[in-house]
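Student: I should like to learn how to read the sheet, the helix and the core of a protein model. Please give the general idea in each case and then the example.

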Amino acid sequence: MVRMATQGMTEKDLEGGGDYPAPGMYHVSISNARELVDDNYVQLDFTVMAGAPADPAAGDQRGKRISERYYITGTTEEATEKLMKRLARVAVSVGLIDKSQIGQDLDIDFTMAEGRDCVIRVKKEKYTVKKGENAGQERERASVDFLGIWSTDHEEVTQGPKDAGVSSNGSKESFDDI
């Protein structure tokens, strides 16, 4: 059985593309969190509550959604170490663990991130289609920057976009060492 989160979708979404937020910094709510350990990733779906696109002409971004896969292991030990640091940053940023727990072996239930809020940096990136009739074509997509996630009260984003009606996750963390 497959759990489908289709709230907020329209028939236009079935045509592809999607209505993703423009590049910028956003205060978001995690609308869905899935652990797909057999597929080697955790997926978080974010909904924009407040923020500013890098290009003001992009207009209001509230309500737009973006998903990000956070992979668990890489193809090399070095890649896995980098991915673990990214996952640890996510866990601290959304309040699943405290920074003081870094350095320990932990079992973290990322599904508990659902309903929490954080700040993310969205970017545009180019990619090449690898399979199918469009293989080899260049495309562009929105994604969350590799380390572009912070708690809402993190020093890097305390002056940034916030939805005043939403509280932070209660962690004041710095990621200089992650």
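Student: How many bridges join E4 to E5?

Tutor: Strands (E, at least two residues) and helices (H or I, at least four) are DSSP runs, numbered from the N terminus. Two strands pair if DSSP finds at least two bridges between them. Here E4 and E5 run antiparallel and are joined by nine bridges; Lys123, for instance, has Ser143 in E5 as its bridge partner. This is a predicted model, in which local features need pLDDT of at least 70 and side-chain atom pairs count only at pLDDT 80 or more, while totals for chains, interfaces and linings use all residues. Residues are numbered from 1 along each chain as its sequence is written, and side-chain values use heavy atoms, with hydrogens and water left out.

Student: What is the strand order of the open sheet?

Tutor: In a regular strand the side chains alternate between the two faces of the sheet. This sheet has five strands in the order E3-E2-E1-E4-E5, with antiparallel pairing. E3 and E5 each have a single partner strand and stand at the edges, so one side of each lacks a neighbour in the sheet. From one strand to the next the twist averages 45°, where axes are lines fitted to C-alpha atoms (for helices over the stretch in contact) and angles run from 0 to 180 degrees between N-to-C directions. Seven bridges link E2 and E3 in the antiparallel sense, and Phe46 has Ile66 in E3 as its bridge partner. E1 and E4 also pair in the antiparallel sense, over six bridges, and Tyr26 stands opposite Ile120 in E4.

Student: Is Tyr127 buried or partly exposed?

Tutor: Buried means under 20% relative accessible area, exposed over 50%, and partly exposed in between (1.4 Å probe, protein chains only). Tyr127, found in strand E4, counts as partly exposed because its relative accessibility is 23%. Contact means heavy atoms within 4.5 Å. Not counting residues up to four places away in sequence, Tyr127 touches Gln137, Glu138, Arg139, Glu140 and Arg141.

Student: What span should the 17 residues of H1 have, and where does H1 lie?

Tutor: An α-helix has 3.6 residues a turn, so residues three or four places apart point the same way. The expected span of a helix is 1.5 Å times one less than its number of residues. For H1 this gives 24 Å, which agrees with the 24 Å between its end C-alpha atoms. H1 lies across E2, E3, E4 and E5, at about 65° to E5. Its buried residues include Leu83, Leu87 and Val90, and their cover includes E2, E3, E4 and E5. Gly95, with a positive phi near 80°, follows H1.

Student: Which residues have the most contacts inside the largest nonpolar core?

Tutor: In soluble globular proteins, nonpolar side chains tend to be buried together. A nonpolar core is a set of buried Ala, Val, Leu, Ile, Met, Phe, Trp, Tyr and Cys residues joined through side-chain atoms within 4.5 Å. The largest one here has 27 residues, and Leu44, Phe46, Tyr70, Ile120 and Ile149 have the most contacts inside it. E1, E2, E3, H1, E4 and E5 each supply at least two residues of this core. Ile149 touches residues including Phe46, Tyr70, Val90 and Ile120.
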